[in-house]
Amino acid sequence: EGEKILLFASSGMGKTTLASMLPDPVFISADDGARKIRNPKTGAVLRAIPEVRSFADVRDALSQKGLFKRGQTLVVDTISETERWGEEYTIATVRHEKGHAVKSIEGYGFGKGYKHMQDTMALLRQDMDRLIRDGVNICLLAQESAVVIPNAAGLDYLQSGPKLYHGKNFSIRADYYEWADHVFRIGYYENEVAGEA
């Protein structure tokens, strides 16, 4: 089976460049990060699936038979932007419990929209799991953000992680943490560059 990787960092830290060096990468570019990147080892332009502009497009690409081969790495750049597309998809496809359409994720009522979003993003994981079973690696790139984590033993604290929805009752971020085999963060605060004296 393939590997499930979640990689997050601030903008400009090299997520896309690092992902371009994974085994035989194929990109779904939900944002503009890969447009000017070349593979640092080969200089080749990154291979990307064209015309992916919505959550439905992402799901269509993931379900295309033969599009991805065993040993390849599908890179979703970024899952943060794909989640935004998922919100648009949810609003367009999931009706309010009273049967009418809503105009925003808040239109479902107190917290209910985020449960619908969680269900929508679970569909994406199911699609990716089929590829994983076929031996395709999945690497999800995400922007970095901080959320408040409740701490029963004392003060709540900030936790850095992928920019995915995290609330009191529902957490898409936690779902993707649990789904991934490997979670990596690129940071620069802990690094030191030593030059010649």
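Residues are numbered from 1 along each chain as its sequence is written, and side-chain values use heavy atoms, with hydrogens and water left out. In this predicted model, local features need pLDDT of at least 70 and side-chain atom pairs count only at pLDDT 80 or more, while totals for chains, interfaces and linings use all residues.

The largest nonpolar core holds 36 residues. A nonpolar core is a set of buried Ala, Val, Leu, Ile, Met, Phe, Trp, Tyr and Cys residues joined through side-chain atoms within 4.5 Å. Buried means under 20% relative accessible area, exposed over 50%, and partly exposed in between, with a 1.4 Å probe and protein chains only. Within this core, Leu 74, Ile 79, Leu 124, Leu 140 and Tyr 176 touch the most other members. Two or more residues are given to this core by each of β1 (4–9), β2 (25–29), α2, β3 (73–77), α3, α4, β4 (137–149) and α5 (172–179). Helices (H or I, at least four residues) and strands (E, at least two) are DSSP runs, numbered from the N terminus. The most comes from α4, with 7 residues.

Tyr 176 also takes part in a contact with a charge: the charged end of Arg 125 sits over its ring, 5.0 Å from the centre. A charge sits over a ring if NZ of Lys or CZ of Arg is within 6 Å of the ring centre and within 35 degrees of the ring normal.

A search of the whole structure gives 3 aromatic pairs. One of them is formed by Phe 55 and Tyr 89, which are tilted, at 5.0 Å centre to centre and with 45 degrees between the planes. Rings of Phe, Tyr and Trp (its six-membered ring) pair if their centres lie within 6.5 Å; planes under 30 degrees apart count as stacked, over 60 as edge-to-face and the rest as tilted. Phe 55 belongs to helix α2 (residues 55–62) and Tyr 89 to helix α3 (residues 79–93), so the pair ties together parts that are 34 residues apart in sequence. Phe 55 is buried, at 1% relative accessible area, whereas Tyr 89 is partly exposed, at 25%.

The largest pocket has a volume of about 190 Å³. On a 1 Å grid over the protein atoms alone, a pocket is an open set of points where a 1.4 Å probe fits, with protein on both sides within 12 Å along at least five of seven lines; lining residues have an atom within 4 Å of a point. Grid points are joined across faces, edges and corners, and a volume is the space filled by probe spheres set on the points. Among the residues lining the largest pocket are Leu 62, Lys 65, Phe 68, Asp 127, Arg 130, Leu 131 and Val 136. Helix α4 (residues 112–133) supplies the largest share of this lining, 3 residues. By class, the lining has 5 nonpolar, 3 polar and 4 charged residues. Here Ala, Val, Leu, Ile, Met, Phe, Trp, Tyr, Cys and Pro count as nonpolar, Asp, Glu, Lys and Arg as charged, and the others, Gly among them, as polar.

Two of these lining residues, Lys 65 and Leu 131, are 66 residues apart along the chain, and their C-alpha atoms are separated by 9.8 Å. Lys 65 is placed in the loop between α2 and β3 and is exposed, with a relative accessible area of 81%.

The second largest pocket contains about 160 Å³ of space. Its lining includes Glu 106, Phe 110, Tyr 114, Tyr 165, Lys 168 and Phe 170. This lining divides into 4 nonpolar, 3 polar and 2 charged residues.

Several backbone features lie in loops. The peptide bond from Asp 77 to Thr 78 is cis, with omega near 10 degrees, and Thr 78 lies in the loop between β3 and α3. Asp 24, although not a glycine, has a positive phi of about 45 degrees. Asp 24 is found in the loop between α1 (15–19) and β2 and is partly exposed, at 39% relative accessibility. Glu 51 also has a positive phi, near 60 degrees, in a residue other than glycine. The place of Glu 51 is the loop between β2 and α2, and at 53% relative accessibility Glu 51 counts as exposed.
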